[in-house]
Amino acid sequence: MNLRHSWIIALKDIRIFIRKRTVLYTLVLLPLLLSVLFPLVIEYGGKSSGGITGAEIPPLLHSFEWFFVIIPAIIPAPIASYSIVGEKLEKSLERLLATPTTDGEILLGKSIAVFIPAIIATYAGATLYMALVDAVTYNKLGGHLYYPNWDMGVILLLAPLALLLSIELNIITSSRVSDVRSASQLGGLMFLPFIGIYLASEIGVITLDTNTLLIIAGVIAVLDLAMFRISTSVFQREQILTKWK
Amino acid sequence: MIETENLTKKFDGLTAVDGVTFSVEEGEVFGFLGPNGAGKTTTVRMLCCLISKTSGTAKVAGYDVGNDADSLKIRRLIGLVPDNVGLYESLTAYDNLDFYGKLYDRTESQRKESIAALLKMLELWEKKDVPVATFSKGMKQKLAIALALVHDPQILFMDEPTANLDPEAAKTVRDFILELKKQKKTIFLNTHNLDEAQRICDRIAILNTTLRAMGTPEELERSVRGRVTVIQLEQSNDVILDAVKKLGLGDVSAEGNKLTISTADPEQANATILDAVFRAGGRIQSVNVVGSTLEDAYLKLVREREKV
């Protein structure tokens with residue numbers, strides 16, 4: 001595999017979709033909004049009844065942290081739609097497939113193009129979130145919560161795994177639809193299982209502690225491998241040209 | 001440069017290309033004529049290693065089509081102009097070309113040189129930094145051809161390169177193909193524009209799932225029926241008619257002062273015919289050789305297939 005080819009394809013895709021407003025909004029607004037909103041909740045939540053106490057803060061933050069797994073599950077949908085369905089719409093796939101690149105190199109390039117901006121956006125949002133949370137909770141907790149914090153560390157490990165799962169699902173979805181909006185909407189459904197986990201933790205079915213998070217990470221890693229197999233079987237030259245819609 | 005033998009492609013039991021055998025020489029412009037759904041694009045896709053063949057053999061520049069190791073080598077040697085321009089509309093003309101140049105592992109200086117040469121030749125240099133979305137259809141098609149040439153391929157496959165273009169843009173594209181022909185590029189041209197095929201191609205193959213005929217445009221015209229020599233006389237009579245009939249070169253008919261002689265090879269027979277007319281006292285006003293056209297040949301061959 002020529003990784004240089006994948007990198008060339010990824011850079012081209014990134015150059016194309018950073019000009020799309022929907023992609024930019026998703027990349028910037030969602031992580032920014034959540035990373036600012038949660039510290040504001042800690043700071044100003046329950047002001048009328050004396051505010052959130054120091055004891056209430058850690059379980060609350062546990063819930064908030066999970067959103068940095070949900071973000072990478074949501075972000076790839078619009079980007080991957082442009083990366084693959086956009087290429088289908090511009091009818092440029094045949095020409096790309098006629099170059100001396102392998103199916104794997106193209107697929108990897110498309111995946112990198114989605115992965116890099118999405119992970120940067122997620123980690124930037126998480127960093128801002130941790131900094132703001134520490135700033136507003138320092139006095140109540142008597143120190144920094146996130147320096148270090150293993151739960152958040154596992155969350156930051158889970159984020160790329162969730163991201164990969166979402167990218168692979170979006171690749172499979174993109175092969176079945178012919179417009180960007182449908183691809184984006186179908187791919188966006190990826191966040192539902194993660195919302196399910198969040199709700200399960202909220203009603204006490206599971207606890208999102210370090211051990212549970214590691215188990216979830218292992219399950220997602222296995223799913224990543226399974227989805228990778230499916231996406232590579234879908235992304236084959238002949239299928240793309242003769243069977244993709 | 002390109003050789004196929006009994007090349008066949010079936011999709012879920014439906015035969016798109018059936019037992020096609022032909023060869024294309026280096027530096028030749030080879031036209032592939034056929035109606036929509038005849039298998040032209042499928043054949044090009046097989047030769048460009050984009051889809052697999054069901055059976056038969058094909059070689060491009062000596063490499064086996066269908067052999068995984070050879071596929072990348074073939075794709076490196078060829079350029080493809082697909083039936084859709086397939087450009088990245090939000091990128092500039094230069095960036096589109098640069099992207100493909102990189103995928104063919106051209107160095108930066110090679111890319112700069114070939115991109116400048118192509119854009120200047122196609123009169124797009126002034127627009128090199130403009131997003132392609134603003135281009136006219138003709139400009140996009142010219143850029144699409146340039147993309148296929150950015151790595152200086154030996155063989156160029158073109159699928160309907162002038163379809164949907166206005167006459168002026170189509171002429172520009174045709175002129176460019178002729179320019180490439182001068183540079184000894186091997187060109188495989190899919191088209192259903194008969195006039196274009198006749199003007200550009202050295203040889204033409206007519207395809208309608210199976211290969212119906214192959215030859216130079218002139219050979220295909222002649223294959224339909226023998227051409228006729230039409231002689232306009234000042235005054236026709238039976239003596240002249242008998243004199244021509246006695247030559248036994250072909251069917252002779254008279255209509256007013258016009259004699260029509262059907263021969264296998266008018267260029268060969270005309271001197272003898274005119275001599276006989278002259279000796280019989282005929283006074284000749286004009287002589288014309290009226291032949292069947294490529295269109296006649298195409299329609300006959302394609303319909304023959306439909307009747308089968």
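1. In what order do the elements of chain A run from the N terminus on? In this predicted model, the elements of chain A run α-α-α-α-α-α-α-α-α-α-α when read from the N terminus, and the count for chain A is accordingly given as 11 helices and 0 strands.

2. On overall dimensions, the radius of gyration of chain A is 20 Å, which is close to the 18 Å that the globule rule gives for 245 residues, so chain A is as compact as a globular protein of that length. The C-alpha trace of chain A spans about 65 × 35 × 30 Å along its principal axes.

3. As for the interior, buried residues account for 44% of the 245 residues in chain A. Of the contacts in chain A between residues at least 6 apart in sequence, 87% join residues that are at least 24 apart.

4. Turning to the interface, 20 residues of chain A are in contact with 24 residues of chain B. On the side of chain A that touches chain B, at least two residues each are supplied by helix H1 (3-17), helix H5 (93-97) and helix H11 (237-242) of chain A, and the largest share, 5 residues, comes from H1(A).

5. Which kinds of residue make up the side of chain A that touches chain B? The residues on that side of chain A divide into 9 charged, 6 nonpolar and 5 polar.

Terms used
Residues are numbered from 1 along each chain as its sequence is written. Chains are lettered from A and ligands numbered from 1 in the order in which they are written. This is a predicted model: local features need pLDDT of at least 70, side-chain atom pairs count only at pLDDT 80 or more; totals for chains, interfaces and linings use all residues. Two residues are in contact if their C-beta atoms, placed from the backbone, lie within 7 Å. Helices (H or I, at least four residues) and strands (E, at least two) are DSSP runs, numbered from the N terminus. Ala, Val, Leu, Ile, Met, Phe, Trp, Tyr, Cys and Pro count as nonpolar, Asp, Glu, Lys and Arg as charged, and the others, Gly among them, as polar. The radius of gyration is taken over C-alpha atoms; the globule rule is 2.2 Å times the number of residues to the power 0.38. A residue is buried if 20 or more other C-beta atoms lie within 10 Å of its own, exposed if 12 or fewer, and partly exposed in between; C-beta atoms are placed from the backbone.
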